[in-house]
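Dear colleague,

I am passing a structure on to you, and I would be grateful if you could look through it before reading my notes. The sequence and coordinates come first, and my notes follow.

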Amino acid sequence: MYDPLIMRLLLAVSLFVGLGCSSAPPEPEESAGESGPIVVEAEAFDRQTETDTRRWYVVSADTQPPTDLRDVDPPHAELASGSAYLEILPDTRTNHDEELIHGENFTNEPGKLAILEYDLDFADPGRYFVWVSAYSTGPEDNGIHVGLDDEWPDSGQRMQWCEGKDAWTWASKQRTEEVHCGVPGLIFLDVETPGPHVVRFSMREDGFEFDRFALTTDPDFDPAAL
Ligand SMILES: [Ca+2]
Ligand SMILES: [Ca+2]
Ligand SMILES: [Ca+2]
């Protein structure tokens, strides 16, 4: 297991170095929209809860989930950021022919299964769009929910990936009744006050593979810059 404190320190150092290498002069943060994204490694979580049915496991060169938990695809740590990621296991539904069991291998309700928690300090309040880098190999491992503190807002439900199969892929799209592959711009958290908050992710589909996430006040954010 990675020490979350060490991961945070590494993240802080990398952000510092990244800022230091920038050729642009520093600008005063006149609005939240001009501040850079908050980027966090998924495996640097602080806690997980609601783990009786499904839970998140670290996958890296040194750490493998228990082999008795069903997982049909090979590990993908080599190309993950930090060479590590999280996966929800067991993965008992990998395609439409396998039985969908609500509350077990799927849940449309956020905050019910396999909740990850990240203690973050927000310098600025504002609307933060949530981007997640995930690795999907099938049609039933590509959904997750996100929430803030004790709230699971509509704008954090049903993050969805369709494009970018078999690769680590950044996305920020919400699955809707009309658009199953997701609509951009609908996934966000409204942070009302500066200071400490808990960002939380919970399962929608088992087998979800989670590398890192970014929070940005920029509605036109391009994750290719990361
Ligand atoms: Ca898998
Ligand atoms: Ca699944
Ligand atoms: Ca990672």
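Below is what was found, beginning with the overall picture and moving on to single residues.

Please keep in mind that this is a predicted model, in which local features need pLDDT of at least 70 and side-chain atom pairs count only at pLDDT 80 or more, while totals for chains, interfaces and linings use all residues. Residues are numbered from 1 along each chain as its sequence is written, and chains are lettered from A and ligands numbered from 1 in the order in which they are written.

The mean pLDDT (the predictor's confidence in each residue, from 0 to 100) is 89 for the protein, and 85% of its residues reach 70 or more. Over residues 9-34, however, the pLDDT is below 50, and this stretch has 12 contacts in the model beyond near neighbours in sequence, where two residues are in contact if their C-beta atoms, placed from the backbone, lie within 7 Å.

The secondary structure consists of one helix and 14 strands; helices (H or I, at least four residues) and strands (E, at least two) are DSSP runs, numbered from the N terminus. Among contacts in the protein with a separation of 6 or more, 75% join residues 24 or more positions apart. Of the 226 residues, 37% count as buried, a word used here when 20 or more other C-beta atoms lie within 10 Å of a residue's own, with exposed meaning 12 or fewer and partly exposed anything in between, the C-beta atoms being placed from the backbone.

In soluble globular proteins, nonpolar side chains tend to be buried together. Leaving aside residues up to four places away in sequence, V130 touches V146, S172, I187, F188, L189, F213 and L215.

Some backbone details also deserve a look. Most residues other than glycine have a negative phi, and most peptide bonds are trans. The peptide bond from L89 to P90 is cis, with omega near 0°, and P90 is found in the loop between β4 and β5. In that loop between β4 and β5 there is also A114, which is not a glycine but has a positive phi of about 50°; A114 is buried, because 24 other C-beta atoms lie within 10 Å. E50, likewise not a glycine, has a positive phi of about 55° and is found in the loop between β2 (47-49) and β3, where E50 is partly exposed, with 15 other C-beta atoms within 10 Å.

Finally, which residues does E140 touch, not counting those up to four places away in sequence? They are R93, T94, N95, E205 and G207. E140 lies in the loop between β6 and β7 and counts as buried because it has 22 other C-beta atoms within 10 Å. By contrast, L79, in the loop between β3 and β4, is exposed, with 11 other C-beta atoms within 10 Å.

With kind regards
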